[in-house]
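Here is a quick walk through some salt bridges and a couple of loop residues. Have a look at the model first, then read on.

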Amino acid sequence: MRQVALLYSVVLTAERRITSADLIAVANDAGAGPLRTVLSTGNLILNSDKAPATLESALEQSLLRRLGKPIPVFVRTAAEWRALVAANPFPEATRRDPSRVAVRVMRDAPTPTLVARIAAFADPDQAFAATDRALWLSTPEQLSTTPISRAVGAGWAGEGTLRNASALAKILAALDD
């Protein structure tokens, strides 16, 4: 079964980066392959008969063994990925500038309390929404400079990893290649 795996931000050292060879070895070790990377930012397309949660755990254990540090991984089936992209609550903003729309793909569904807490960081010209295991935001500014993007990415927001709408589209296109 075709699946998408997203690695959380990976910082090893200035001299050591995760290479494609590392990722191929990790995927093989986890029982998933063949592997394709997308955008060199921890986005993987792979094949595995394992359930997404099982594959997440296998990839995380393989990364820990190979790199010596825990790196969270978030897996969605191809169908779940297509549904995630289709659920984008900001399609018009995405058409205008996909670099200003982002989603935090999460391990668990955001709670109403979490959604309210993050929404408090939004300025009037920013938009925020929650969908199944995802937090979405749209802003006219560069994403990394806004308080709401920092809130969406905060540790207290739960386990997840942020990708902009450009990356989402490229991962979606890679699923069909």
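Four residues, Glu 56, Glu 60, Arg 107 and Glu 159, are tied together in a network of salt bridges. A salt bridge here means a side-chain nitrogen of Lys or Arg within 4 Å of a carboxyl oxygen of Asp or Glu. This is a predicted model, where local features need pLDDT of at least 70 and side-chain atom pairs count only at pLDDT 80 or more, while totals for chains, interfaces and linings use all residues. Residues are numbered from 1 along each chain as its sequence is written, and side-chain values use heavy atoms, with hydrogens and water left out.

Within it, Arg 107 pairs with Glu 159, and their closest N and O atoms sit 2.9 Å apart. This pair links distant parts of the chain, 52 residues apart: Arg 107 is in the loop between strand 5 (101–106) and helix 5 (112–119), and Glu 159 is in the loop between helix 6 (147–152) and strand 8 (160–164). Helices (H or I, at least four residues) and strands (E, at least two) are DSSP runs, numbered from the N terminus.

Is Arg 107 buried or exposed? Arg 107 counts as buried because its relative accessibility is 19%, and buried means under 20% relative accessible area, exposed over 50%, and partly exposed in between (1.4 Å probe, protein chains only).

How many salt bridges does the structure hold? There are nine.

| Pair | Closest N to O distance |
|---|---|
| Arg 107 and Glu 159 | 2.9 Å |
| Arg 96 and Glu 92 | 4.0 Å |

Arg 96 and Glu 92 both belong to helix 4 (residues 91–96), where they are four residues apart, about one turn of the helix. Arg 96 is exposed, since its relative accessible area is 61%, whereas Glu 92 is partly exposed at 43%. In the other pair, Arg 100 is partly exposed at 26%, and Asp 97 is partly exposed at 28%.

Now for two loop residues. Ser 48 sits in the loop between strand 3 (43–47) and helix 2 (52–67). With a relative accessibility of 4%, Ser 48 counts as buried. Leaving out residues up to four places away in sequence, Ser 48 touches Met 1, Gln 3, Gly 31, Ala 32 and Leu 55; a contact means heavy atoms within 4.5 Å.

Arg 133 lies in the loop between strand 6 (127–131) and strand 7 (134–138). Its phi is near 55°, a positive value in a residue other than glycine.
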